[in-house]
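Please look at the sequence and the 3D view first, then read on.

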Amino acid sequence: MALSGMRGLSVFISDVRNCQNKEQERVRVDKELANIRTRFKNERGLSVYEKKKYVWKILYIYMLGYDVDFGHMETMALISAPKYAEKQVGYIVTSCLLNENHNFLQLVINTVRNDIVGRNETFRCLALTMVGNIGGREFSESLAPDVQKLLMSSSCRPIVRKKAALCMLRLYRKNPDVVNTDGWPECMAHLLNERDLGVLIAVMSLLVALVANTPEAYWNCVPKCVQILERLTRGQDVPQDYTYYGIPSPWLQVKTMRVLQYFPSIEDPSIRKSLLNVLQTILLRTDVVKNINKNNASHAVLFEALSLVMHLDAEKDLMSQCIVLLGKFVCVREPNIRYLGLENMTRMLLVADVVDTIRKYQAQIIASLKDPDNSIRRRSLDLLYAMCDVSNAKNIVEELLQYLTTADFGIREELALKAAILSEKFAPDLSWYVDAVLRLIDKAGDFVSDDIWYRVVQVVTNNDDLQAYAAEKARNYLDKPAVHETMVKVSGYLLGEYSHLLARRPGCSSKEIFHIIKEKISAVTTVTKAILLSACVKVLMHCQPPNQELFEQATATFRRYENSVDAEVQQRAVEFLALSRNGLAMVDIMAEMPKFPERQSALLKKAVDTDGDAPEVSATKLRLQQQNSMALVVADRRPPNGDLHLLSVTEAGASNQYPKHAAVAESQASEVPHSSQSQVHSNGATQQHASGTPHGDLLGDLIGTLAIDAPPAEPTTGPSDSQALEAPPKSPAISAASADSLALVVLDAAPTQVQPLKSVSEWFRELSVKDSGVLYEDPYVQIGLKAEWRNAQGRMVLFFGNKFTAPLRNVRGSVLSPPHIRTRSAVVPETIPPRAQVQVPVDVACIGASRETAVLDFSYNVEYTPVKVQLKLPTLLNKFLQIAPVSANEFVAWWRALGGPPSKIQEVVRGVRPMPLTDMADLFIRLHVGVLPGLDPNVNNIVAATTFYSGTAATLCLVRVETDPLDRTQMRLTVASEVPNTTYELKELMKEQLVDIPSLAQPSRTSASSLAAMGLTAPAAALAGLI
Amino acid sequence: MILAALIMNTQGKPRITKFYDHVSVERQQEILRVVYSVLSSRSGNLCSFVEADDIFGPDTKLVYKHFATLYFVFVIDSAESELGILDLIQVFVETLDRCFKNVCELDIVYNFGKVHTILDEIVMGGQVVETSSAEVMKAVQDIWKLERVGELNPANIRGIGHYKNSRS
């Protein structure tokens, strides 16, 4: 036995173990290192045995945490030794001590390669293991083909092949090009036929990595994976060695199910069916047993099956089985299962709408929040956070607040933030929200960020009926002897603004409030002092009738800070002192702060990553958006609206007029930006004045400008000036919605202020070759679109999202269809609640070929301003195309049969956007025109075929493009089909797509449409000269 | 992926450390310290998973098992199944047990090279190579047979029992 036989090594280890402390250990280690260093220097006298011994010692010292900067060469030299024992030590220690960044690792590449290609299988294994552990890019470049050969070889032993598979994985990670050769997907599929389960596990690991990067390339592996799963669940052909506690290789089952989760979805009905059957079997037959190892293994498989079911977004009953299982797991005592149960339930919430079902387990989940196990508490916190909504917010936030006092320090900040977010998002009423956050600040002031208390102030300021309540709460908190500084800030601010509303209540007279504030002023930081000084002057101002005693006390307080070292505090003190002498004039200056413009809560911004890609909604995002819709509405306290989807289907196509040219819609939409100039003036001088003050987020601006910018002597100070102190809102229109005194200005403003964020035609262009994306977006609303097309039918879902925190009113949306298209759409609800999204399905059927598209006539009101747009919907001809598999012979035969015009039309297209042929082929495929490679002998040409569906008819269309390699801007386009109109329309469509240049969308758009217009007016003339 | 496989004793002394991503020596020691402080603060009947975001970055977890005086810890990212790794630790321990006949901490201390050999047969480059304890044993025994060739000098062969009773 190698090691136990090394007496020197054992003695050294004993010595180290006998050291009383780290210092002794260091001395012993240093002595040993010095010894090894000298011995290595006179290498000549070193026996093989000694070399091995020293190398092991180095590894041991390295493990103890000492950096060993020598001996690497000696270690690597062992790799080249002829004897197995030395080689093995060399390989093992090298892969522990060195990493891919060590340059001299390259010195051994040749030796390693020799071992890999050599005949000795044990040498091969050693070499593969080392490369698999630390091989870098150079290894990848020089070894990949050899490793691949071993992996594919049928003569190698399984032990070599499984190592080759993992070695390949490493090489692939270091250099993805190694599998970019053709035929890898076929290789992988072939490898999945392997019977040896050990090899299969390794191959599966490799497959996970490959599929994770390029799932589409490995579709061919899906059926094989399902077969493997079937084999394992049936226990067919599973050797005893791979049965772990009675379960056929749980690892392979888990890995295989993991691979399947990297494929976006599994559509093939028969494969999906067999997969769901397997999953069903797993879900049903897993039971809790006594033996803990068996339990672990069976549940490893079960949890993976749950994940896969969620990923597949499987049928309802399978999903509900999962929820029942998860519900069982979150209640069990076994901590591992409970932990994973909580974790997976959280994931489940993200993919499926199961809140109601999960709410049944709320009590148990809350119980887990008090579990002695920190890991479980965290999982339970995450789950509670995810499952919170208006109905249970009170309960859950209450639990979180209680937990705050006992939670570990590491988690408190997160906990505080989560509690604040939940209380804002799901507050059933606003006074509760104020209560909850004030309690939060009271209990965990250290962990409450400024954003949290800023938001409280915003909410209170914007809701008149909340102000007295909040002021009273603030008074009670501030009256306590030891209060957290954040609490002093928020209470001080609220009292300054609103304590006069309490004047008649006991203990709330101006004098008493002033005392409470003054008590705190000496013990706080300068920032807080400034806030409290402002509060004092406001209290003083509100004191009616003026009280001489209070006045004297207040001026005394200001005097104290007249010479403060902090400029801000000093300035306020001096200004307030001067102001307070002015008596009544102060009333105007010290008026209540105006309402805040409606902004997105910084907290919610933190909570939700709101990127505006409505249609490409993953289930997760949809869920998040749904949660958003419940969010607290500050400006307008509407109860959160649950029934967003009350859709009644009406026939739209027949009753609505259709505008002659869809281009009208476009020009209208593109006119909107021109009005943007006017809105700069709409807020008039007020805004210009205000824009002088830099504004940060939230209250930052407010606190900064509390000390009045303008010198007190300035005579113009009037009520409107207090508006000026408020920072200008980012979007002028938003101010219209909330700051009521500006309403006058708004009424003067032009009706169409709202402009789309991007060019409408650009969105349309993208949608013409994509099935989901944004159709329209402005500061208030986003309309996304997601479509599915099958033959002559299609279904589009329009996602109307209200981005604003007030409800969108007077929403109207109707779909107008041209004669050749029939549409049927659900009704767009008249009001879209704040931050909610409404889905409106539109069914489309194609009757004939035409370039005209359906149009969405959309309008809504922002306050009193109507916004109206007409948007082209991408019901283009190409959506009703399907790639037609046509063989070369068929193509030629059809091509000949469709002799000339009008069945076959040819046109020389100029001004084509230059692009490589491959890009053009891609574009064709996105247009659903299937390219038939290799059919045309000329490599500069593309031939393609597609089927156009309309009504019940299907028309085969053939396309040929001849390009000129010398001049990419022109080409000859020939389109043929049995129906002349279809031929013509398809040609026009393709021309439009080829001529269009995305980066210059606006100008080229017009050129394209003028081309189209030309075509419309004189199609025959346009064709005449060309054919 | 398995990011690291660690064996340490209940005093925090490393017995086997193997990192599958390059980690500097200083960082390795820091990791060992943090992992130890986390594990030693956890009592017996808690779950076997601890989030390791602060130690190894987002979405990483420690999966561990506690046997007598030893912690077996695997650090994994979200691509691995927690329970699967727990099973793998079991396989590792069962294999050590077969190999050393009732393995104890000292076996691992004095035979750390052997343990490395066994670990290499189970995990390679952060991926599971073999899950069958029997297969691992076969491979390891082949290796040891080969090692012994040419090393039959009796002076070099000593049992480890001699050390078992020394200081623990």
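Which residues are linked with A:E343 and B:E51 in a network of salt bridges?

## A network of salt bridges

The network takes in A:E343, A:R378, A:R379, A:D382, A:E414 and A:K418 from chain A, together with B:E51, B:K61 and B:E82 from chain B. The model is a predicted one, and the distances and areas in this report are computed from it. Over all chains, the structure holds 58 salt bridges. Side chains of opposite charge can pair when their charged atoms come close.

## Chain A as a whole

Chain A has 1027 residues, and buried residues make up 58% of them. Its secondary structure comprises 46 helices and 17 strands. Taking the contacts in chain A between residues at least 6 apart in sequence, 69% join residues at least 24 apart.

The accessible surface of chain A is about 42,200 Å². Carbon and sulfur atoms account for 53% of that surface.

## Salt bridges within a chain

In chain A, a salt bridge joins the side chains of A:R113 and A:D146, with 2.7 Å from N to O. This pair links distant parts of the chain: A:R113 belongs to helix α6 (residues 109-117) and A:D146 to helix α8 (residues 137-152), 33 residues apart. Are the two partners buried or exposed? A:R113 counts as partly exposed because its relative accessibility is 32%, while A:D146, at 9%, is buried.

A:R161 and A:E194 form another salt bridge in chain A, and their closest N and O atoms are 2.8 Å apart. In chain B, B:D120 forms a salt bridge with B:K18, where the closest N and O atoms are 3.8 Å apart. B:D120 is in helix α5 (residues 112-122) of chain B and B:K18 is in strand β2 (residues 14-19), so parts that are 102 residues apart in sequence are tied together. B:D120 and B:K18 are each buried.

## The sheet of chain B

Chain B contains an open sheet of five strands, in the order β2-β1-β5-β4-β3, with antiparallel pairing. The edge strands, each pairing on one side only, are β2 and β3 (49-51). On average, neighbouring strands of this sheet are turned by 20° against each other, direction ignored.

Strands of a sheet pair through backbone hydrogen bonds, either parallel or antiparallel. Strand β1 (residues 2-9) of chain B runs antiparallel to β2(B), and five bridges join the two. B:L6 has B:T17 in β2(B) as its bridge partner.

## Where the chains meet

How many residues of chain B are in contact with chain A? There are 74, and they are in contact with 81 residues of chain A. The area buried between the two chains is about 6,600 Å², and carbon and sulfur atoms give 53% of it. Of the area that chain B buries against chain A, B:L83, B:F112 and B:M124 supply 11%, more than any other three residues.

Six salt bridges are found across the interface of chain B and chain A. A salt bridge also joins the side chains of A:K163 and B:E121, at 2.8 Å from N to O.

Terms used:
Residues are numbered from 1 along each chain as its sequence is written. Chains are lettered from A and ligands numbered from 1 in the order in which they are written. This is a predicted model: local features need pLDDT of at least 70, side-chain atom pairs count only at pLDDT 80 or more; totals for chains, interfaces and linings use all residues. Side-chain values use heavy atoms; hydrogens and water are left out. A salt bridge is a side-chain nitrogen of Lys or Arg within 4 Å of a carboxyl oxygen of Asp or Glu. Helices (H or I, at least four residues) and strands (E, at least two) are DSSP runs, numbered from the N terminus. Buried means under 20% relative accessible area, exposed over 50%, partly exposed in between (1.4 Å probe, protein chains only). Contact means heavy atoms within 4.5 Å. Accessible areas come from the Shrake-Rupley method with a 1.4 Å probe; for residues, only the protein chains shown count as cover. Two strands pair if DSSP finds at least two bridges between them. Axes are lines fitted to C-alpha atoms, for helices over the stretch in contact, and angles run from 0 to 180 degrees between N-to-C directions. Buried area is the accessible area (1.4 Å probe) that two parts lose on being put together, summed over both.
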